[in-house]
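Subject: Structure handover

Hello,

Here is the structure we spoke about. Please open it alongside these notes.

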Amino acid sequence: VCVWMSLCACVFICLTSQIADIPPHNPMHSTFTPQSECDHVFASHLSRDQVKLESCLGDVTGLAPRFLELIELGLLYLRSAVLEPRLRAQAEAAFEDSYELSEEDIANFDTSSPQMASFIVAQQSLLLPLRDLLSPDNTARTVLAAAEASALLLERAAMQCRFNRLGGLQFDRDLRALLAQIATLTQWSVRDKMARLVQMATILNLDKVSEFLEYWGPAAQITWRLSPAEVRRVLALRTDFRAEEISRLRL
């Protein structure tokens with residue numbers, strides 16, 4: 001039943017979002033207005049017919065905000081009812097095994113770890129069919145929604161995991177592989193949606209606790225999405241970082 005409901009939700013969202021975003025004759029399109037279209041198509045018609053048609057189309061432009069609201073509502077439901085439930089189990093599975101890795105583990109991996117590779121495949125299986133059904137703009141919006149949902153789910157799962165130095169390195173590689181996969185689906189940047197997760201990877205990839213100060217403060221020119229308390233929590237995920245060193249860190 002849940003599978004059929006998800007499929008029905010996808011179909012409904014695809015149909016309604018396409019109706020709300022049909023290029024190039026979209027009321028939100030910068031080069032289109034009812035007036036310009038009437039002048040072009042009905043130039044040879046009687047003026048009274050033009051007036052009647054223009055009167056009928058006069059409110060179309062005013063519907064643009066409602067179309068945008070429809071798209072946003074559809075994407076919100078797609079994320080909560082389809083994307084997050086399907087990706088949650090894969091995100092949790094990606095961190096079931098500890099990221100306390102050895103040189104041999106790293107050597108046996110391809111680019112990403114097997115767990116993250118499974119997550120990437122799961123994300124692709126959800127998004128690729130939608131790309132064939134949606135307009136380019138709606139595809140990009142859907143990918144952004146999926147990236148945001150993925151980042152949140154992976155962050156929660158990662159905070160329950162343990163890392164060593166090599167594990168932090170592999171987590172950074174895994175995240176780069178995920179970003180590269182998402183980039184194949186849209187030209188819109190998703191780094192803002194993944195910013196917190198990227199910053200977690202930076203922290204987990206440090207050689208020592210004190211090295212973090214090179215990335216912190218005005219001189220570093222990094223806008224941190226993680227609070228000082230969250231930074232300490234992420235540092236504490238590294239089993240080779242001492243609690244005393246983390247507590248002494250001035251943030």
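In this protein, residues 24 or more positions apart make up 77% of the contacts with a separation of 6 or more. Contact means heavy atoms within 4.5 Å.

Some ground rules. This is a predicted model, where local features need pLDDT of at least 70 and side-chain atom pairs count only at pLDDT 80 or more, while totals for chains, interfaces and linings use all residues. Residues are numbered from 1 along each chain as its sequence is written, and side-chain values use heavy atoms, with hydrogens and water left out.

Overall make-up

The protein has eleven helices and zero strands. Helices (H or I, at least four residues) and strands (E, at least two) are DSSP runs, numbered from the N terminus. Of its 251 residues, 42% count as buried. Buried means under 20% relative accessible area, exposed over 50%, and partly exposed in between (1.4 Å probe, protein chains only).

Helix 8 and its partners

Take helix 8 (residues 165–183) with helix 9 (residues 195–204). Their axes come within 8 Å and cross at roughly 155°. Axes are lines fitted to C-alpha atoms, for helices over the stretch in contact, and angles run from 0 to 180 degrees between N-to-C directions. Helix 8 and helix 9 are therefore roughly antiparallel. The cut-offs: under 35 degrees is roughly parallel, over 145 roughly antiparallel, 65 to 115 roughly perpendicular, and the rest oblique. The crossing of helix 8 and helix 9 is left-handed. That term applies if the near helix is turned anticlockwise from the far one by less than a right angle; clockwise is right-handed.

From helix 8, the residues G168, F171, D172, L175 and L179 meet L197, V198, M200, A201 and L204 of helix 9. This contact between helix 8 and helix 9 divides into eight nonpolar, one polar and one charged residue. Here Ala, Val, Leu, Ile, Met, Phe, Trp, Tyr, Cys and Pro count as nonpolar, Asp, Glu, Lys and Arg as charged, and the others, Gly among them, as polar.

Next, helix 6 (residues 114–133). Helix 6 packs on helix 8 at about 15°, with the axes 10 Å apart. Helix 6 and helix 8 are therefore roughly parallel. Their crossing is right-handed. M116, F119, I120, Q123 and Q124 in helix 6 meet D174, A177, L178, Q181 and I182 in helix 8. The residues of this contact of helix 6 with helix 8 split into six nonpolar, three polar and one charged.

L166 also sits in helix 8. L166 and S102 are 64 residues apart in sequence, yet 6.7 Å apart in space, C-alpha to C-alpha. Neighbours within four places in sequence aside, L166 is in contact with L101, S102, E103 and I106.

Aromatic pairs

The structure holds eight aromatic pairs. Rings of Phe, Tyr and Trp (its six-membered ring) pair if their centres lie within 6.5 Å; planes under 30 degrees apart count as stacked, over 60 as edge-to-face and the rest as tilted. F163 and F171 form an edge-to-face pair, 5.6 Å centre to centre, with 65° between the planes. F163 and F171 are both buried. The ring centres of F212 and W216 are 5.5 Å apart and their planes lie at 40°, so this pair is tilted. F212 is buried, with a relative accessible area of 1%. Ring pairs also link F95, Y99, F163 and F171 into a cluster.

One backbone detail

Q221 has a positive phi of about 55°, although it is not a glycine. Q221 is in the loop between helix 9 and helix 10 (228–235). At 73% relative accessibility, Q221 counts as exposed.

Best wishes
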